[in-house]
Amino acid sequence: STGWAKQRAAKLLHQLQQSGWVVRIARGKYLIVPLEAGPDSAWSEDSLLIASQLAEPAAVAYWSACHHWNWTEQIPRTVFIQTPQKKMHNVKNVLGVTYRFVRVGSTKFFGTVKRSVGQGHAVITDREKTLVDALDHPELCGGVGQVIEMLPGAAEAVNWQRVDEYLKRLGSGAAYKRLGLLVEGLGEKVRIPVRTARVERWHSLLTGGYAPLEPRRPMTGLASARWRVRLNVPGIFRGGRP
């Protein structure tokens, strides 16, 4: 196309945006506001569909993915997006919805699937990657309390061989520590195949030092010497064993 054509298109898009007919969600990407939105543009597009357009490559992840897989009834107010793209703002607001970008190294961006959402598709971390990410960063999934609530259901939904592969690929010592602690602490509530052998294998892969059970909280409270986890969330097991 000619430079004149590009300039004309840019001018037209600007006019449509000013008139409320389109909404700019990212550079070169626009959403058309449907007629039923009314004069105040009071409408909402599927947030997961929009999330997939805000960065490339990217995937809906963490608490948003946990909700997508029906592991939690809590609806996060923020849509979490995992991306290896470096030049990104931490937070972006589109149509009244807050999107939070979590940047990871390219080696940690894997385990994604394309899912049908509304009138299109969204890229989301698969069940196994969602679980591993939740163990690596529980603070991005509503906190370790939310992870504990979802773990029994997630345990029955994932492929545990793939979980082990993802844990190794992620390379997070803290994820092994929290997983072992929670699986043993919750007992038979968390059903996993070849339980004893799998738990002992996790234990053999522990790294040195202690990891906080809840990141971004002070490293205080009791500690699990077996799993090298600081129990910095009092009464987290509600009477269960640490």
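Visitor: What makes two strands a pair?

Guide: Two strands pair if DSSP finds at least two bridges between them. In this predicted model, β9 and β11 (residues 229–230) are joined in the parallel sense by 2 bridges, so the pair meets the criterion of at least two. Within β11, V229 is the bridge partner of A211. Strands here are DSSP E runs of at least two residues, and helices are H or I runs of at least four, numbered from the N terminus.

Visitor: Why are β9 and β10 called edge strands?

Guide: The open sheet of 3 strands runs β9-β11-β10 with mixed pairing. β9 (211–212) and β10 (223–224) each pair on one side only.

Visitor: What share of the chain counts as buried?

Guide: Of its 242 residues, 47% are buried, a term that means under 20% relative accessible area with a 1.4 Å probe, protein chains only.

Visitor: How do you know where confidence is lowest and where it is highest?

Guide: By pLDDT, the predictor's confidence in each residue, from 0 to 100. Strand β2 (residues 29–32) has the lowest mean, 53, and helix α4 (residues 127–136) the highest, 98. Over residues 33–45 pLDDT stays under 50, with 18 contacts beyond four places in sequence; a contact means heavy atoms within 4.5 Å. Where pLDDT is low, the predicted coordinates should not be read in detail.

Visitor: Which conventions apply to the numbering and the values?

Guide: Residues are numbered from 1 along each chain as its sequence is written. In this predicted model, local features need pLDDT of at least 70 and side-chain atom pairs count only at 80 or more, whereas totals for chains, interfaces and linings use all residues, and side-chain values use heavy atoms, without hydrogens and water.

Conventions:
Buried means under 20% relative accessible area, exposed over 50%, partly exposed in between (1.4 Å probe, protein chains only).
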